[in-house]
Amino acid sequence: MSPLIDRHGRTKRKLRISLTDRCNFRCTYCMPEHPDWLPRASLLERHEIVRLAGLFVDHGIDQIRLTGGEPLLRRDLTECVRAIDALRERGLSRLSMTTNASRIAPKARELVQAGIDDFNVSLDAIDPDTFRRLTRREIAPVLDGIAALVDAGAAIKLNAVIVRGDNHEDVVPLLEWAMARGLPLRFIEYMPLDAPGQWKRDAVFSEAEMLAAIARSHHVDVLPRGSDPATPYRVDGGYPLGIISTVSNPFCATCDRLRITATGELFTCLFSPIGTPLGARLREGIDDAALAAQVARAVWLKDAGYASRPGPVDRPLTMHAMGG
């Protein structure tokens, strides 16, 4: 079947699927302390998730990442993983998961065996007090989860959102903690994706500022950039570091990803104001051919991205419901 290509010539290869909007953390840059959860009946059922995933794989998507909220809060998570893993015979090459790792320790080996190739673990600070202030939770279960993933032989990448005044002083300590354990790390600039009116441009600790802080005690080399959103670096000649600089240096020109929310809305861009309600169409009885046509049209009309219209996006859907 034909691949999914937008009007700017970008072919889509990666799909992120949110399994739930629920999360046991309350990260200040992501969600309110007392969020309003979506009605459970509105969330996609497993067979609906697998049907959508299969349709996208049939149209050239070869990498799927499961997100949330927190995927570990979904009771049938392992069954979802196994069902999507079965799509490898149709062209899926990589199945990943984003998690805060606080509940993953008992299920780490089970998820690896079910088909997860790699895990992105959110770790915004290594200092316990800073971590608690950012997430409103404790760091110990997260570190236990990371250790369990390592013991299970999982491939791990750490993600850290850096907010000036909150955790920007943790950039070097977190980097050195990750380096000591051989765990790849990506720093992410604070993006305007939280509650409307909350994001402030001066809270962005930029890629250039991160590099300047690191360069005071480490040697940093920049590497050629591909389609990945992170600019790759080598620290001290060998350690892989990535920095996602959506605000100061947008990567929109090479974007190859799409997102499906926990209710089945397709968002072709993280900053899109509206989505395409694929989940609702499923429940109305749409067939795969008509569904594929709606997907192809939505992808074709994808905007140039944040680079063309920087600033906060005006929509009620915040990051915990969108999927990381």
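User: At what angle do the axes of helix 6 and helix 7 cross?

Analyst: Axes are lines fitted to C-alpha atoms, for helices over the stretch in contact, and angles run from 0 to 180 degrees between N-to-C directions. Helices (H or I, at least four residues) and strands (E, at least two) are DSSP runs numbered from the N terminus. In this predicted model, local features need pLDDT of at least 70 and side-chain atom pairs count only at pLDDT 80 or more, while totals for chains, interfaces and linings use all residues. Residues are numbered from 1 along each chain as its sequence is written, and side-chain values use heavy atoms, with hydrogens and water left out. Here the axes of helix 6 (residues 171–181) and helix 7 (residues 207–215) cross at roughly 65° and come within 9 Å. Helix 6 and helix 7 are therefore roughly perpendicular (angles of 65 to 115 degrees; under 35 is roughly parallel, over 145 roughly antiparallel, the rest oblique).

User: What is the handedness of the crossing of helix 6 and helix 7, and which residues meet there?

Analyst: A crossing is left-handed if the near helix is turned anticlockwise from the far one by less than a right angle, and right-handed if clockwise. The crossing of helix 6 and helix 7 is right-handed. Contact means heavy atoms within 4.5 Å. Val171, Val172 and Leu175 in helix 6 meet Met210, Ala213 and Ile214 in helix 7. By class, this contact of helix 6 with helix 7 has 6 nonpolar, no polar and no charged residues. In this scheme Ala, Val, Leu, Ile, Met, Phe, Trp, Tyr, Cys and Pro are nonpolar, Asp, Glu, Lys and Arg are charged, and the others, Gly among them, are polar.

User: How do helix 1 and helix 2 cross?

Analyst: The axes of helix 1 (residues 46–58) and helix 2 (residues 77–85) cross at roughly 25° and come within 10 Å. That makes helix 1 roughly parallel to helix 2. Helix 1 passes helix 2 in a right-handed crossing. Arg46, Ile49 and Val50 in helix 1 meet Glu79, Cys80, Ala83 and Ile84 in helix 2. This contact of helix 1 with helix 2 has 5 nonpolar, no polar and 2 charged residues.

User: At what angle do helix 1 and helix 9 pack?

Analyst: Helix 1 and helix 9 (residues 288–300) pack at about 65°, with their axes 11 Å apart. That makes helix 1 roughly perpendicular to helix 9. Arg51, Leu52, Leu55 and Phe56 in helix 1 meet Asp288, Leu291, Ala292 and Val295 in helix 9. The residues of this contact of helix 1 with helix 9 divide into 6 nonpolar, no polar and 2 charged.

User: How many residues does the largest nonpolar core have?

Analyst: In soluble globular proteins, nonpolar side chains tend to be buried together. A nonpolar core is a set of buried Ala, Val, Leu, Ile, Met, Phe, Trp, Tyr and Cys residues joined through side-chain atoms within 4.5 Å. The largest nonpolar core has 98 residues, and those with the most contacts inside it are Phe56, Ile64 and Phe187. Not counting residues up to four places away in sequence, Phe56 touches residues including Leu4, Leu258 and Val295.

User: Is Glu48 buried or exposed?

Analyst: Buried means under 20% relative accessible area, exposed over 50%, and partly exposed in between (1.4 Å probe, protein chains only). Glu48, found in helix 1, counts as buried at 7% relative accessibility. Leaving aside its neighbours within four places in sequence, Glu48 is in contact with Leu43, Leu282 and Arg283.
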